[in-house]
Amino acid sequence: QAHATREAPRTTLGGGPAMRLLWALAASSCCWLWQVHGGSVAITSSKPSSWWEKYPDSPVQFDRPHTFQHLGLPLRSMMNASDLAALMPELELRIPVAQETKRRLQEESAGTSELVDSGCIVSDLSKGPDGCWNRRAAYLPISFRATVVAVASGDSFRGWAYYMNTPKSELPSGQNTSQFLAFDEEITMVEQNKPNFDHGFWYYPVHDQGGVFPDYWPKDWTSPHNFTLGEWFFRYEVYQQPSNASTTFQFCIWQDDFQREICAPYWEAVLTGPPADGD
């Protein structure tokens with residue numbers, strides 16, 4: 001069962017020199033950016049046994065992670081259409097695409113659109129009711145940090161303080177470890193910038209796009225320690241985005257030329273923009 005907690009906000013905006021340069025270029029050329037003062041953090045966990053499988057008859061096979069295409073994070077909008085439309089008047093003064101976004105959101109609010117109200121993927125790669133690329137003006141570009149830790153059945157999570165403060169070289173790793181860091185990345189997602197992020201998706205390449213199987217991952221995630229029956233822990237922190245529209249990220253794994261796909265729940269990890277004073 002997924003559960004979420006709220007973490008005390010960090011005191012500084014994250015991102016290294018390259019990320020800050022990218023944001024400076026974005027701010028000067030495309031749009032106004034909402035700086036999430038102190039960051040907005042969501043923490044959740046869930047068990048792979050409860051995750052959604054796109055093809056139940058062809059489940060992802062965790063005993064051969066070296067054949068994963070990639071891990072990934074779809075960006076989801078967690079606001080209903082009418083509330084998100086209320087953000088558009090200020091955005092449309094700065095971002096031309098926001099005018100079209102406002103019109104589409106008004107259609108959603110009036111019930112004349114087939115798009116879902118909340119939880120849709122901010123991408124034009126997702127067709128039908130699950131996709132809401134028209135909302136991108138409120139979300140992209142977005143700068144965030146994503147950290148994922150896998151814990152095998154029978155072991156206990158060492159805690160976020162341990163994983164956030166221990167050098168990566170000193171973290172548990174290898175075939176015999178009973179918990180490991182799947183990834184910890186600082187990311188700036190834009191509308192289109194392949195190969196690692198594109199159209200509302202961010203990818204951690206393993207078998208494709210020049211990816212390399214991390215040497216600190218176990219080569220088998222089912223034996224001698226079973227991570228499919230254990231619990232996975234997720235921490236998402238948004239640094240900057242064009243508005244304070246609520247969002248979340250969904251952890252997914254693709255395998256065998258995308259013929260196998262599994263995704264963790266996302267409803268429990270909602271990021272709501274800047275924290276209130278004293279929160």
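User: What are the ground rules here?

Analyst: It's a predicted model, so local features need pLDDT of at least 70 and side-chain atom pairs count only at pLDDT 80 or more, while totals for chains, interfaces and linings use all residues. Numbering runs from 1 along each chain as its sequence is written, and side-chain values use heavy atoms, with hydrogens and water left out.

User: Why is threonine 147 called buried?

Analyst: Buried means under 20% relative accessible area, with a 1.4 Å probe and protein chains only as cover. Threonine 147 has a relative accessible area of 1%, so it is buried. Across the chain, buried residues make up 53% of the 279 residues.

User: Where does threonine 147 lie, and what is it in contact with?

Analyst: Threonine 147 lies in strand E6, residues 142-151; strands are DSSP runs of E, at least two residues, numbered from the N terminus. Contact means heavy atoms within 4.5 Å. Leaving aside neighbours within four places in sequence, the contacts of threonine 147 include Trp160, Met164, Leu181 and Phe234. Its C-alpha atom and that of methionine 164 are separated by 8.9 Å.

User: What makes the pairing of the threonine 147 and aspartate 184 side chains a polar contact?

Analyst: The rule asks for a pair of N or O atoms within 3.5 Å, one able to donate a hydrogen and the other to accept it; residues adjacent in sequence count only if both atoms are side-chain atoms. The two side chains come in at 2.7 Å, and the pair counts as a polar contact.

Key: Buried means under 20% relative accessible area, exposed over 50%, partly exposed in between (1.4 Å probe, protein chains only). Helices (H or I, at least four residues) and strands (E, at least two) are DSSP runs, numbered from the N terminus.
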